[in-house]
Amino acid sequence: MSGVVARNVTKRYGELKALDNVSLDFPNGSFFALLGPSGSGKTTLLRSIAGFVEPEEGEILIEGVDVAHIPAHRRDIGMVFQNYALFPHMTVMDNIAFGLSVRGVSKTDARKRVGEMLDLVRLTGLEQRKPRQLSGGQQQRVALARALVTEPKVLLLDEPLGALDKRLRQEMQIELKQIQRAVGITAIFVTHDQEEALTLSDQIAIINDGQVVQIGAPGEIYENPVNRFAASFLGDANFMEGLVENGRVSVEALGPIVTSSALPGSRVTLAVRPEKMRLTALSDTASDGNRVEGSVTQRVFSGTSVTYIVETPAGPMHTFQQNAGDRMFDAEEAVAITWSPDHTVLVED
Ligand code: ADP
Ligand code: MG
């Protein structure tokens with residue numbers, strides 16, 4: 001059964017469609033990321049599921065039940081926000097126990113439940129602290145424990161790691177995923193960070209302008225983006241405009257480009273991921289099926305990898321090489337870029 005289903009959901013703010021006929025199926029127990037730029041409608045969708053926003057059209061089902069007439073506090077949902085939203089004057093213990101005391105759970109049972117939650121989020125021993133006596137990461141773990149303590153059907157997370165610095169953020173990503181697995185809860189996670197979406201999720205929905213652009217597993221979407229937006233929002237891509245003739249595609253100034261896909265219509269847009277391109281010296285004549293010559297205009301060294309910007313007859317292209325100890329290319333050096341037909345992806349404009 002699906003944990004949550006959104007069916008043809010539309011939400012308007014005046015003229016603006018914050019959600020435009022959104023249909024999504026969040027499988028039970030899955031970690032599902034809503035990925036899109038700021039203002040694309042991610043929070044509106046999350047708040048519609050939670051019951052804080054009322055869409056004009058469409059349905060939302062939680063474990064098969066249409067929740068249109070169920071108020072937010074009875075939807076059995078746990079929420080975590082970027083700004084923690086902990087009660088500042090209450091201890092860690094009381095913050096986590098809050099949802100239980102509202103539900104009339106006895107003090108003894110609540111204490112036991114909170115103990116289990118503290119264990120789960122690795123905060124045992126800190127129950128008497130106040131939020132201001134905790135680090136950002138610890139506060140976010142309290143927020144997570146508070147959201148999970150009532151054993152909700154769904155966990156909604158709105159950019160929960162946005163306020164943390166990079167290293168802590170990466171640690172928390174791994175921990176969040178472990179906790180979600182351990183609890184087995186359906187989690188819907190909003191982020192504008194592509195790497196975070198790739199790392200954490202079983203499924204990703206790419207959202208833009210209130211519409212779902214593409215849905216799939218991280219690898220699926222990454223390797224087969226449907227359009228320019230998906231290709232450039234989830235990762236980086238080199239685009240080429242091609243003309244199709246007699247089943248072959250050629251790109252102006254480059255000539256024929258080989259693809260593994262069938263070529264529809266007469267004009268196509270091709271996308272190639274930077275890490276799928278191999279950069280070689282011009283004298284190296286090996287081709288992986290496609291070969292374009294150019295000259296290096298920039299080299300960006302980032303430790304584990306090197307990104308080159310190469311000027312080609314079809315404009316600048318990005319290539320990405322692992323830093324495996326190979327010789328690096330210099331600015332203005334003449335080079336060739338090669339790639340396989342399998343990595344030439346046809347995308348919609
Ligand atoms: P995201 O979370 O992806 O950044 P939001 O869902 O917050 O995007 O917002 C989607 C669009 O709806 C934005 O253009 C935003 O300005 C607009 N919006 C959100 N909430 C309101 C509101 N309460 N009143 C008017 N416009 C809103
Ligand atoms: Mg938002």
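**Contact between the two domains**

The centres of domain 1 and domain 2, taken over C-alpha atoms, are separated by 39 Å. Domain 1 covers residues 2-232 of the protein chain and domain 2 covers residues 236-347, the bounds coming from an automatic or database domain assignment. To the contact (heavy atoms within 4.5 Å), domain 1 gives 10 residues and domain 2 gives 11 residues. This is a predicted model, in which local features need pLDDT of at least 70 and side-chain atom pairs count only at pLDDT 80 or more, while totals for chains, interfaces and linings use all residues. Residues are numbered from 1 along each chain as its sequence is written, and side-chain values use heavy atoms, with hydrogens and water left out.

The size of an interface is often given as the accessible area lost when the parts come together. Between domain 1 and domain 2, about 850 Å² is buried, 47% of it on carbon and sulfur atoms; buried area is the accessible area (1.4 Å probe) that two parts lose on being put together, summed over both. Of the area that domain 1 buries against domain 2, 60% is supplied by Tyr222, Arg228 and Ala231, more than by any other three residues.

The two domains are joined by 2 salt bridges, each defined as a side-chain nitrogen of Lys or Arg within 4 Å of a carboxyl oxygen of Asp or Glu. A salt bridge links the side chains of Lys276 and Glu223, at 2.9 Å from N to O. On the side of domain 1 that touches domain 2, two or more residues come from each of helix 7 (218-223) and helix 8 (228-233), helices being DSSP runs (H or I) of at least four residues, numbered from the N terminus.

Notes:
Chains lettered and ligands numbered in written order.
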